[in-house]
Amino acid sequence: MTDTDVIVAGAGPTGLMLANELGLAGVRTLVVERLPERSGQSKALGLQPRTAEVLEMRGWLEPLQQRAVGRLEGGHFAGIPLDYEALGTRFPYQIGIPQPRVEEYLEQRLAAYGIPVLRGCELTGLRQDAEGVTVTVDGPDGQRSLRAAYLVGADGSRSRVRRELGVAFPGRDGRVSMVVADVVLDDPGGVLPEQWQLPSFEVRDATGAFLLPLGDGLHRMLFGGPEQQGLDRDAPVTEDEVRVALHREHGDALRLKAVRWASRFTDASRQAEQYAVGRVLLAGDAAHIHLPAGGQGLNLGMQDAVNLGWKLAACIRGRAPEGLLDTYHSERHPVGARVLENTRAQGVLMIPDTDVRALRAIVTGLLETAEGNRRIAGMISGLDIRYAMPGSPEHPLLGRHMADVRLATGRGLLLTSGAQPALEALMRPWQDRADRTTADRAAGIPGGDGAAAVLLRPDGHVCWAGPGGGEGLGAALGRWFGDPQR
Ligand SMILES: Cc1cc2nc3c(=O)[nH]c(=O)nc-3n(C[C@H](O)[C@H](O)[C@H](O)COP(=O)(O)OP(=O)(O)OC[C@H]3O[C@@H](n4cnc5c(N)ncnc54)[C@H](O)[C@@H]3O)c2cc1C
């Protein structure tokens, strides 16, 4: 029986991001992954601005950007272009990077923390008691038991952890089936895009197939036609299917040379009723599934991980204030629910039907207005996420993620505008878990609206912002960082 602090089931982007967050906080962690090696399936293609900001906060963005294959300017809602420039982010675009490269980078980073990824090890059972969780794992050396204080199921849409917990996964099954394939093409007609371009598209009985360059001669192809409907989600995608879709869209201009991998996906839409049961938590696709419209799933999962990591670390250290871990569900469930809602709406807007086209034309017009664009772009990019921060005085930054701040330690941070002796004195009892620094801009705290200081949680969210007197600061420190005596 191996003992550790946290077991993470699943080495997808969510599990690997979480393991990095735990490693950053010095938490002993073990990742168990069913697959003997990474699948290489390109799946998600883009990092949304909010994820880019979070990664930059940790200092992990630059190495990832070096692995990027392109850039998608702005975003899209059901294929209708969105302009991210209006959002005031330094990343007004999606960073085009195939999912396996994100996973590879995150997995490599774990070595620095001494966190192992046990590959070929499938979680097959779990039992929890007051002190911890025992999991059963089937691996290359047979069955073994692992024990930890907490278990996180980041084991994807068919999560075994979720099923073992008996957590309800309400929603609906897929109604539309599509294919995603990484293909090598011969291009005698010269029609292949060299840059990322996202055409406006429709699904269901549509014949459209769109292509994005992935580098190394590969292209991502996405299509869904009448032949794809009604097939089992696990039915193998045939080369013929890909060829037919390609021909229908491009005639003889393009020829299929090889299909590297292909998979089916649907617009199934479900969300776990609870993200936590005792010492077991759910994150990423294990907690929510939806149509991959707008490119949000991987981003949502990685941000679940960033929300959860520091809270688990505080629990492990015995410093977590009452109810801290409960805020994982209360903060992230509504964010997931909103993505489910917007992807269902996008799914409807992509139905090729005369009436839907009328609706789509109206929505397109609304998204061309500054306010309409700002609202939906904020939602799809993840930049408008704002967590409730009860008890702290109202401020425009409160609950929001603060960009352009480096939090590479997994600790909290009091960011002050110039010297603030009263605030520093208030902060002192918590100096073993939060740092203090001065904003290096003469204008004070960016977006701070004249605030003397802001207090950031380790996930970069502002949990207090206010004047030099520090009204409410002590309460916020206690609420998020616990009793300083513990
Ligand atoms: C066609 C397509 C396009 C997409 N495009 C985008 C996009 O552009 N942007 C975006 O943000 N998202 C996109 N997504 C969604 C994104 O791929 C997923 O949301 C993301 O993979 C979720 O990550 P995860 O780590 O939560 O789950 P997964 O990636 O599913 O990882 C779960 C891991 O757990 C392992 N596992 C499963 N069961 C067990 C077990 N019992 N024991 C141990 N290990 C186990 C699995 O092998 C897997 O490695 C797309 C998805 C698809 C299908």
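Which residues of H10 are buried?

Analyst: The model is predicted. In helix H10, the buried residues are Gly-372, Asn-373, Ile-376, Ala-377, Gly-378, Met-379, Ile-380 and Ser-381. The helix covers residues 370-381, twelve residues in total. From first C-alpha to last, H10 reaches 16 Å, close to the 16 Å expected at 1.5 Å a residue. Several elements cover the buried residues of H10, including helices H2 (49-58), H8 (326-349) and H9 (354-367). Strands E5 (75-77) and E6 (80-82) are also among the elements that cover them. Just after H10 comes Gly-382, with a positive phi of about 85°.

As for the aromatic side chains, a search of the whole structure gives three aromatic pairs. One of them is formed by Phe-91 and Tyr-93: the ring centres are 6.3 Å apart and the planes lie at 85°, so the pair is edge-to-face. Phe-91 and Tyr-93 are both buried. The ring of Tyr-93 also has the charged end of Arg-71 over it, 3.7 Å from the ring centre.

Another pair is Trp-310 with Trp-480, where centres 6.4 Å apart and planes at 50° make the arrangement tilted. This pair links distant parts of the chain, 170 residues apart: Trp-310 belongs to helix H7 (residues 297-317) and Trp-480 to helix H12 (residues 473-481). Trp-310 counts as buried at 7% relative accessibility, and Trp-480 is buried with a relative accessible area of 2%.

Elsewhere, Arg-279 lies over the face of Tyr-150, at 4.9 Å from the ring centre.

Note on methods
Residues are numbered from 1 along each chain as its sequence is written. This is a predicted model: local features need pLDDT of at least 70, side-chain atom pairs count only at pLDDT 80 or more; totals for chains, interfaces and linings use all residues. Side-chain values use heavy atoms; hydrogens and water are left out. Rings of Phe, Tyr and Trp (its six-membered ring) pair if their centres lie within 6.5 Å; planes under 30 degrees apart count as stacked, over 60 as edge-to-face and the rest as tilted. Buried means under 20% relative accessible area, exposed over 50%, partly exposed in between (1.4 Å probe, protein chains only). Helices (H or I, at least four residues) and strands (E, at least two) are DSSP runs, numbered from the N terminus. A charge sits over a ring if NZ of Lys or CZ of Arg is within 6 Å of the ring centre and within 35 degrees of the ring normal. The expected span of a helix is 1.5 Å times one less than its number of residues. Contact means heavy atoms within 4.5 Å.
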